[in-house]
Amino acid sequence: MKLSEWARQQGVSYQTAWRWVKDGKMPVPVRQAPSGTWLVTEPAPAVSATSGRVVAYCRVSSTDQKADLERQAARVVAGANGLGLAVAEVVTE
């Protein structure tokens with residue numbers, strides 16, 4: 001799937017996803033096609049006893065910690081994906 005589609009599904013902006021690619025912080029495998037398009041390879045979903053929707057909630061105490069918020073969101077999404085959970089939405093404050 002295209003990086004832009006993946007970002008939309010994860011609830012993050014394309015620019016944030018692109019920054020994660022550049023910084024090597026993508027929580028899922030990504031590769032660049034010969035055309036230059038970035039493609040995300042989503043791992044196969046694990047069978048889970050839980051049902052419903054997975055939402056990642058991240059917050060920081062002050063506006064000067066905004067950079068920490070993006071790193072926190074990346075870690076939470078990566079952790080959920082590592083457990084076989086597809087994050088439907090990322091909520092940040």
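**Buried and exposed residues in a predicted model**

Lys 66 is exposed, with a relative accessible area of 56%. That value comes from a predicted model, as do all the others below. The cut-off for calling a residue exposed is over 50%, so Lys 66 makes it into that class. As for its place in the fold, Lys 66 belongs to helix H3, which covers residues 66-82. Further along the chain comes Val 76, 10 residues away from Lys 66 in sequence, and the C-alpha atoms of these two are 16 Å apart in space.

Glu 93 is another residue on the exposed side, at 51% relative accessible area. Since exposed means over 50%, Glu 93 qualifies too. It sits in the segment that follows strand S4 (87-92). What does Glu 93 touch, once residues up to four places away in sequence are set aside? The list is Tyr 57, Cys 58, Arg 59, Val 60 and Leu 69. With Tyr 57 there is also a polar contact, side chain to side chain, at 2.5 Å. Val 54 is another matter: 39 residues separate Glu 93 from Val 54 in sequence, and their C-alpha atoms are 17 Å apart.

Now for strand S3, which runs over residues 54-58 and holds Ala 56. Cys 58 is in strand S3 as well. Is Cys 58 buried or exposed? With a relative accessible area of 0%, Cys 58 is buried, because that class takes in anything under 20%. Leaving out residues up to four places away in sequence, Cys 58 touches Leu 69, Gln 72, Ala 73, Val 76, Val 91, Thr 92 and Glu 93. One of these, Val 91, is 33 residues from Cys 58 along the chain, yet their C-alpha atoms are separated by 6.3 Å.

Beyond its neighbours within four places in sequence, Ala 56 is in contact with Val 76, Val 87, Glu 89, Val 90 and Val 91. Take Val 87 from that list: it is 31 residues from Ala 56 in sequence, but the C-alpha to C-alpha distance is 6.7 Å.

How do H1 and H2 meet? The axes of helix H1 (residues 3-10) and H2 come within 8 Å, and they cross at roughly 115°. Angles of 65 to 115 degrees count as roughly perpendicular, which means that H1 is roughly perpendicular to H2. The crossing of H1 past H2 is right-handed. On the H1 side, the contact is made by Leu 3, Ser 4, Trp 6 and Ala 7, while H2 brings in Tyr 14, Ala 17, Trp 18, Trp 20 and Val 21. Sorted by class, the contact between H1 and H2 has 8 nonpolar residues, 1 polar residue and no charged ones.

Gln 10 is part of helix H1. At 4% relative accessibility, Gln 10 counts as buried, since the limit is under 20%. Apart from its neighbours within four places in sequence, Gln 10 is in contact with Glu 42, Val 77, Val 87, Glu 89 and Val 90. Val 87, Glu 89 and Val 90 also turn up among the contacts of Ala 56. Thr 16, for its part, is found in helix H2, which spans residues 14-23. Thr 16 is buried as well, because its relative accessible area of 11% is under 20%. Its side chain joins that of Ser 13 through a polar contact of 3.0 Å.

Methods:
Residues numbered from 1 in each chain as written. Predicted model: local features only at pLDDT ≥ 70, side-chain atom pairs only at ≥ 80, totals over all residues. Heavy atoms only, no water. Helix = DSSP H or I, 4+ residues; strand = E, 2+ residues; numbered from the N terminus. Buried < 20%, exposed > 50% of the residue type's maximum accessible area, 1.4 Å probe, protein only. Polar contact = N/O pair within 3.5 Å; in protein donor to acceptor, adjacent residues only side chain to side chain. Contact = heavy atoms within 4.5 Å. Axes fitted to C-alpha atoms, helices over the stretch in contact; angles between N-to-C directions. Parallel < 35°, antiparallel > 145°, perpendicular 65-115°, else oblique. Left-handed = near helix turned anticlockwise from the far one by under 90°. Nonpolar A, V, L, I, M, F, W, Y, C, P; charged D, E, K, R; others polar.
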